[in-house]
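I opened the model to look up a few local features. My notes follow the display.

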Amino acid sequence: MRIIDKVYIDGAFVTPHGTKSFELFNPATEEPIGSVRLGDAEDVRLAVAAAKRAFPAMARTSQAERIAMLHRLRDAVKARAGDLVAAMTEEYGAPAYFTGFSVQNTASTFEVMAAAVKDYAFERTAGFSAVTMLPLGVVGAITPWNSNFGFIASKLAHAIGSGSTIVIKPAEQSAIQTQILLECLHEAGLPKGVLNIVNGTGPEVGSALTAHPDVALITFTGSTPAAKIIQRSALETMKRLVLELGGKSPTIILDDADLDAAIPVALMSGFANSGQACVAGSRILVPRSRRDEIVARLKRETEQLKVGLPSDPDVRIGPLANASHWERVQRWIRIGREEGATLLTGGEGRPDGLERGWFAKPTIFTDVTNTMRVAREEIFGPVLSVIPYEDEADAIAIANDSDFGLQAYVLSSDEGRALRVARQLVAGRVVINGAPHDPRAPFGGFRQSGLGREIGSYGLDAFLEPRAVLLPGR
Ligand code: ADP
């Protein structure tokens, strides 16, 4: 049993003022594996005060100093990659292919930001004025459980790159992962107060952070409903916001697609991270002329995907993160049936042979119309909807007919055609023919998928604001 009983404030692991605790489970076995002592509003107050004290010196650091800090963070994460993978496997249950990627990506987040800082023009001219891009002050970050390491690292990287200081409230369900990552970050030896992490719940610690008058910017990754509460609270003190939220991303299979290549990509995009991904391609748009052939392939290949323990290297889909999320996904499967969608494969309950653990069956609905709730709302689990379209224009119209706009996928034998379609999609990122992850591409969404962009110079722009000094006689 892991007992996490410290928060991280002003460069030290300290006992929080909050006294409540939260139990931690292994989602693949449902067994308790530890507990975390939760912080409260007083801990937020102390953490923000530490970050505020550290801000002036951090804001004055040179680009070279920030790059050196980012490199130290990268190296500290790499040094304990094995421990990070083990924590993520036990507490989150992600399959091996995903834990390996996630830890590598966490380290590369710091590397990518270091490169962006090197190239970023902090000093500019506009007209006859000298313009300096300035950090805003203390940043408050709130992160979810579905990629705990990656999001903490990304928020911290943006803070360091911009010369800000940060207080992070991670998801309390991921406290063991947070603890191991935090031990790495501590090793990097950042100046005291630059990084602070307070475990706690959203309504208590998260909302204390969003309401705090000394927090200048909130960077949040999570659900759209939570973002709306945060946005209302941040309004009072005019906080800047960077929001990376939900999606209902379309995967457009064009009528010329080679199905041997396209079907595995569509399923990987939809079932990535066991479906617990904001970028999941959860609406599969298929040409009506090839509908039956595609649906048959989707069914066959989904039923071949191995669901099971994260320790098994052949497993593609692990358990859902917690019991209440499992219940929620079950409810969504019932909603799909009640709305009149046809169950192609999967359904309610656990997969055969997995009596324990929060495993859900990879589920696909057909005969879905784009007006159904299963096509419009984010499920955040392994539940996909197949929607037929008539022609390319219809596919684009259906893809764009969404409250979201985070990511889209286009599959075609003709890359030029796929590119033409991609250019008509309202999405923060469009992935063509299963292109690999690009850690340097801007990330964020249109519409209710978010506000602002993260990564590289786009991410720095959101964390900085210009001060123009007007000079006489120029
Ligand atoms: P998820 O379903 O991924 O938990 P949420 O949006 O509920 O999505 O949670 C993402 C993060 O936001 C978590 O750290 C959570 O504790 C936090 N959070 C939830 N509600 C609030 C709130 N009202 N104010 C601030 N943070 C919140």
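Which of the 17 residues around the ligand come nearest? I found T143, W145, K169, F220 and S223; a residue is near a molecule if one of its heavy atoms lies within 4 Å of it.

Source notes. The model is predicted, so I kept in mind that local features need pLDDT of at least 70 and side-chain atom pairs pLDDT 80 or more, while totals for chains, interfaces and linings use all residues. Residues are numbered from 1 along each chain as its sequence is written, and side-chain values use heavy atoms, without hydrogens and water.

I looked up S223 and found a polar side-chain atom 2.7 Å from a ligand oxygen. For W145, a polar side-chain atom lies 3.2 Å from an oxygen of the ligand. At G202 a polar backbone atom is 3.2 Å from a ligand oxygen.

Helix pair. M113, A116 and V117 of α4 meet G456, S457 and L460 of α15, with contact meaning heavy atoms within 4.5 Å.

Backbone. I noted a positive phi near 55 degrees at M238, a residue other than glycine. M238 sits in the loop between α8 (224-235) and β12 (240-244). At 59% relative accessibility, M238 is exposed, the cut-off being over 50% with a 1.4 Å probe and protein chains only.

Conventions: Helices (H or I, at least four residues) and strands (E, at least two) are DSSP runs, numbered from the N terminus. Buried means under 20% relative accessible area, exposed over 50%, partly exposed in between (1.4 Å probe, protein chains only). A polar contact is a pair of N or O atoms within 3.5 Å; within protein, one must be able to donate a hydrogen and the other to accept it, and residues adjacent in sequence count only if both atoms are side-chain atoms.
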